[in-house]
Amino acid sequence: IQSAVEDLPTELNGVADEVHIHFPWGSLLKAVASGDAAVLTNVRRICSQDALFEIVIGLDPARDATEINRFGLQSFSVDFINAELVHRYRAAGFEIQERGSLSAGEWPEFKTSWAKRLKGNDARPIIYLIARAV
């Protein structure tokens with residue numbers, strides 16, 4: 001399927017047991033990192049009850065400063081997830097069950113070309129959250 005997250009086909013309604021977003025960029029990064037209600041509600045629409053929703057974001061404060069500022073993500077952190085995103089994700093139908101940060105050496109084996117390029121960059125904090133569709 002090739003589709004923007006804002007326009008997922010209705011044929012996907014309720015079929016996903018898991019949704020993984022690893023190292024998003026552009027509008028998808030902005031949506032999941034800021035808790036955009038429209039995008040999160042659309043992702044929830046394709047999830048079955050209790051579906052896993054995992055997001056992994058890696059932003060380097062120096063190298064990605066332009067993108068961070070453009071999207072207003074200066075405060076993206078575990079504290080931001082606790083203070084802001086827990087409520088926004090809950091309103092969209094997700095309960096955040098786990099969140100945290102990983103050092104570059106602790107990364108699981110993500111199977112993406114972007115993850116392979118970023119591996120070993122200790123300046124790039126990795127923030128993750130795991131939610132369940134409720």
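Does N42 count as buried or exposed? At 12% relative accessibility, N42 counts as buried, where buried means under 20% relative accessible area, exposed over 50% and partly exposed in between, with a 1.4 Å probe and protein chains only. The views below come from a predicted model, in which local features need pLDDT of at least 70 and side-chain atom pairs count only at pLDDT 80 or more, while totals for chains, interfaces and linings use all residues. Residues are numbered from 1 along each chain as its sequence is written, and side-chain values use heavy atoms, with hydrogens and water left out.

**View 1. The elements of the protein chain.** The protein chain holds five helices and four strands, which are DSSP runs numbered from the N terminus (helices are H or I with at least four residues, strands are E with at least two). Read from the N terminus on, the elements follow the order β-α-α-β-α-α-β-α-β. Of the 134 residues, 46% count as buried.

**View 2. N42 and its surroundings.** N42 has its place in helix α2, and a polar atom of its side chain lies 2.5 Å from the backbone oxygen of V5. Leaving aside residues up to four places away in sequence, N42 touches V5, E6, D7 and L8, a contact being heavy atoms within 4.5 Å.

**View 3. The largest nonpolar core.** A nonpolar core is a set of buried Ala, Val, Leu, Ile, Met, Phe, Trp, Tyr and Cys residues joined through side-chain atoms within 4.5 Å, and the largest one here has 35 residues, with F53 and Y89 making the most contacts inside it. Among the elements that give two or more residues to this core are β1 (16-22), α1 (26-34), β2 (47-58) and α4 (78-91), and β2 gives the most, with five residues. When residues up to four places away in sequence are not counted, Y89 touches V32, G35, L40, F53, I55, F94, I96 and L129. Apart from this core lies another, of six residues, including F23, L52, V56 and I126.

**View 4. Strand β2 and its partners.** In β2, 10 of the 12 residues are buried, so this strand is largely enclosed by the rest of the structure. Two strands pair if DSSP finds at least two bridges between them; β1 and β2 run parallel and are joined by six bridges, whereas β2 and β4 run antiparallel and are joined by seven.

**View 5. Helix α4 from its cap to its end.** At the N-terminal end, S77 caps α4, with a side-chain oxygen 3.3 Å from the backbone nitrogen of D79. At 1.5 Å a residue, the 14 residues of α4 should span 20 Å, and the 19 Å between its end C-alpha atoms agrees with this; the expected span is 1.5 Å times one less than the number of residues. The buried residues of α4 are F80, I81, L85 and Y89, and they pack against α1, α2, β2, β3 and β4. Just after α4, G93 takes a positive phi of about 100 degrees.

Conventions
A polar contact is a pair of N or O atoms within 3.5 Å; within protein, one must be able to donate a hydrogen and the other to accept it, and residues adjacent in sequence count only if both atoms are side-chain atoms.
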